[in-house]
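Colleague: I have not looked at this structure before. Could you take me through its parts in order?

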Amino acid sequence: MNMMEVTFTCDECGSAISVYPTKDVSVAKCKICEHEKSVTFTENHLNNVLKECPSCERKDFYQQKDFNRKIGVIIYVIAASVSTYIFMMTEYPMYAAVPFIVTYCFDFFLFQKLSPIAICYKCNTIFRSVGNIDEIHDFNHEMNDRIIYSDHDFDGEQLDHH
Ligand SMILES: [Zn+2]
Ligand SMILES: [Zn+2]
C-alpha cells in the first residue's frame, strides 16, 4: 500500500507543500518562500488513517475524485467542434451525436479509474492514498458553509438530514 501523501497550502504564498507523514516531522517548509508551517502527525497518519487534520486539527473531511476539470472542459470542447463539423460539413448529420457518445463513454471509464482524495473542509489540506477513504463522505454544502462562515466544528460527525 502507498504511503499517505499530504498536501498543505502555504500560509504565506499559497503554494502547495507536499509531505509524507513521519514521526519526527513537525514543520512543513514551503519550497517557494521558505515559510515553515507547523504540522502535527499522529500514529494514525503514519498508518495511512485520516482522523484529524495535521494542519488545523479538525476532523471534518470530504472526498472527491482526483479529477482535472480543465482537461474535462477541453475534451468537451473538442467533441462539440467535431460534432458541429459532422453536422454542417458532411452528408451524415445524423452522426453528429457520435463524438458526444464517445466522450461520455471515455469520461465514464476515466472517472472510474481516478482514485479518490480527501480534503479538509477547514484548511483545504489534501490527502492522497488514504487507507480509510471509504469512511469519508462526499462534499456537503451545508457543512462547508457552517465550517467556513460560522467556524462550526462538526468534530468528525457527518451532518445528516433524516
Ligand atoms: Zn510559501
Ligand atoms: Zn485542516
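**The sheet and its surroundings**

Modeller: Strand 5 and strand 6 are antiparallel partners, joined by five bridges. This is a predicted model.

Colleague: In strand 6, which residue is the bridge partner of Phe61?

Modeller: Phe61 belongs to strand 5, which covers 61-65. Strand 5 pairs with strand 6 in the antiparallel sense. Within strand 6 the partner of Phe61 is Cys120.

Colleague: In what order do the five strands of the open sheet lie?

Modeller: Strand 5 pairs with strand 6, and strand 6 is joined to strand 7 by two bridges. Strand 7 pairs with strand 1 over three bridges, and strand 1 is joined to strand 2 by four. The pairing is antiparallel, and the order is 2-1-7-6-5.

Colleague: Which are the edge strands?

Modeller: In the order 2-1-7-6-5, an edge strand is one that pairs on one side only. Neighbouring strands of this sheet are turned against each other by 25° on average, direction ignored. The edge strands are strand 2 (16-19) and strand 5 (61-65).

Colleague: In the hairpin of strand 1 and strand 2, which residue takes a positive phi?

Modeller: Four bridges join these two antiparallel strands, and one bridge pair is Phe8 with Ile17. Six residues lie between the strands, and the one with a positive phi, near 80°, is Gly14.

Colleague: Which residues make up the covered face of strand 1?

Modeller: In a regular strand the side chains alternate between the two faces of the sheet. Strand 1 (residues 5-9) has an uncovered face made of Glu5, Thr7 and Thr9. Val6 stands opposite Phe127 in strand 7, and Phe8 has Ile17 in strand 2 as its bridge partner. The covered face consists of Val6 and Phe8.

Colleague: Is His45 buried or exposed?

Modeller: His45 lies in helix 1, residues 43-46. Leaving out residues up to four places away in sequence, His45 touches Met4, Pro21 and Pro54. A residue needs 20 or more C-beta neighbours within 10 Å to count as buried. His45 has 25 inside 10 Å, so His45 is buried.

Colleague: How far apart in space are His45 and Thr22?

Modeller: In sequence these two residues are 23 positions apart. Taken from C-alpha to C-alpha, the distance between His45 and Thr22 is 8.2 Å.

Colleague: How many of the 21 residues of helix 2 are buried?

Modeller: Helix 2 takes in residues 69-89, and at 1.5 Å a residue it should span 30 Å; its end C-alpha atoms are 30 Å apart, which agrees. Helix 2 lies largely in the open, because the number of its residues that are buried is one.

Colleague: How far apart are the C-alpha centres of domain 1 and domain 2?

Modeller: Domain 1 is made of 5-66 + 115-150, and domain 2 covers 69-112. The distance between their C-alpha centres is 36 Å.

Colleague: What is the radius of gyration of the protein chain?

Modeller: The chain has four helices and seven strands, in the order β-β-β-β-α-β-α-α-β-β-α from the N terminus. For 162 residues the globule rule gives 15 Å, and the chain is well over that, so it is more spread out than a compact globule. Its C-alpha atoms fill a box of roughly 65 × 45 × 35 Å along the principal axes. The radius of gyration is 21 Å.

Colleague: What percentage of the residues of the protein chain count as buried?

Modeller: His45 is one buried residue, while helix 2 lies largely in the open, since the number buried in it is one. Of the 162 residues of the chain, the buried part is 17%.

Note on methods:
Residues numbered from 1 in each chain as written. Chains lettered and ligands numbered in written order. Predicted model: local features only at pLDDT ≥ 70, side-chain atom pairs only at ≥ 80, totals over all residues. Domains from an automatic or database assignment. Rg over C-alpha atoms; globule rule 2.2 N^0.38 Å. Buried ≥ 20, exposed ≤ 12 C-beta atoms within 10 Å, placed from the backbone. Contact = placed C-beta atoms within 7 Å. Expected span 1.5 Å × (residues − 1). Pairing = 2+ DSSP bridges. Axes fitted to C-alpha atoms, helices over the stretch in contact; angles between N-to-C directions.
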